[in-house]
Amino acid sequence: MLLLVVSAASCATASVNKVLADPSRYRDKDVTVTGEVSDSFSVMSRGVYRIKDDSGQLWVVSDKGVPRNGARVEVKGKIREGYNFSGFGSKLPAGLGDGLVLVESSHKAR
């Protein structure tokens, strides 16, 4: 029972704005963000998508497939700065240049 409580507490829920305003606080830590998918790009089960909530937008990197545009999702993963996108090829969506992303461990429809 205690293990369940500790593991649930280790994954912080945050708004996109909180993550963007203080990325060092969330860097390399498990975080959950909920919002709507506004852009998604994928090739062979790998891809990126942008999640937005009322406070802002954040890019998500996935190797589990990406949700469709307009889907409302809850995303769990780790915040990374300076993410290396070389494995995705040379044609990346605008806005990925800053390298602040949520590397997805899971997502589910909300």
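This is a predicted model: local features need pLDDT of at least 70, side-chain atom pairs count only at pLDDT 80 or more; totals for chains, interfaces and linings use all residues.
# Reading strands, rings and charges

Colleague: In which sense do strand E5 and E6 pair, and over how many bridges?

Modeller: Labels first: helices (H or I, at least four residues) and strands (E, at least two) are DSSP runs numbered from the N terminus. Two strands pair if DSSP finds at least two bridges between them. Here E5 (residues 72-80) runs antiparallel to E6, with eight bridges. E6 (residues 101-109) also pairs with E4, this time in the parallel sense over three bridges.

Colleague: Which residue in E6 is the bridge partner of Val60?

Modeller: That's Leu102. Val60 sits in strand E4, residues 56-62. Val60 and Leu102 are 42 residues apart in sequence, yet their C-alpha atoms are 4.7 Å apart in space.

Colleague: Is Val60 buried or exposed?

Modeller: You read that from relative accessible area: under 20% is buried, over 50% is exposed and in between is partly exposed (1.4 Å probe, protein chains only). Val60 comes out at 0%, so buried. For its surroundings, look at contacts, meaning heavy atoms within 4.5 Å. Beyond the residues up to four places away in sequence, Val60 touches Gly47, Val48, Tyr49, Ile51, Val75, Leu102 and Glu104.

Colleague: What do the polar atoms of the Ser62 side chain reach?

Modeller: A polar contact is a pair of N or O atoms within 3.5 Å; within protein, one must be able to donate a hydrogen and the other to accept it, and residues adjacent in sequence count only if both atoms are side-chain atoms. The side chain of Ser62 lies 2.9 Å from the backbone oxygen of Gly65, and one of its polar atoms is 3.0 Å from the backbone nitrogen of Lys64. Ser62 is in strand E4 too, and is buried at 2% relative accessible area. Setting aside neighbours within four places, Ser62 contacts Ser45, Arg46, Gly47, Tyr49 and Glu104.

Colleague: And which side chain does Arg50 join in a polar contact?

Modeller: Asp39, at 2.5 Å. Arg50 belongs to strand E3, residues 46-53.

Colleague: How many aromatic pairs does a search of the whole structure find?

Modeller: A pair of aromatic rings is described by the distance of the centres and the angle of the planes. Rings of Phe, Tyr and Trp (its six-membered ring) pair if their centres lie within 6.5 Å; planes under 30 degrees apart are stacked, over 60 edge-to-face and the rest tilted. The search finds one pair. Phe41 and Trp59 form it: the centres are 6.3 Å apart and the planes 35 degrees apart, which makes it tilted. Phe41 is in strand E2 (residues 30-43) and Trp59 in strand E4, so the pair ties together parts 18 residues apart in sequence. Phe41 is partly exposed at 39%, whereas Trp59 is buried at 5%.

Colleague: How many salt bridges does the count come to?

Modeller: Side chains of opposite charge can pair when their charged atoms come close. The rule is a side-chain nitrogen of Lys or Arg within 4 Å of a carboxyl oxygen of Asp or Glu, and the count comes to seven. One of them joins Asp30 and Lys78, with the closest N and O atoms 3.2 Å apart. Asp30 is in strand E2 and Lys78 in strand E5, so this pair ties together parts 48 residues apart in sequence. Asp30, at 32%, is partly exposed, and Lys78 is also partly exposed, at 27%.

Colleague: What N to O distance do Arg110 and Glu74 have in their salt bridge?

Modeller: It's 3.8 Å. Arg110 lies in the segment after E6 and Glu74 in strand E5, so distant parts of the chain, 36 residues apart, are linked. Arg110 is exposed at 56%, but Glu74 is buried at 14%. Through shared partners, salt bridges join Glu74, Lys108 and Arg110 into one network.

Terms used:
Residues are numbered from 1 along each chain as its sequence is written. Side-chain values use heavy atoms; hydrogens and water are left out.
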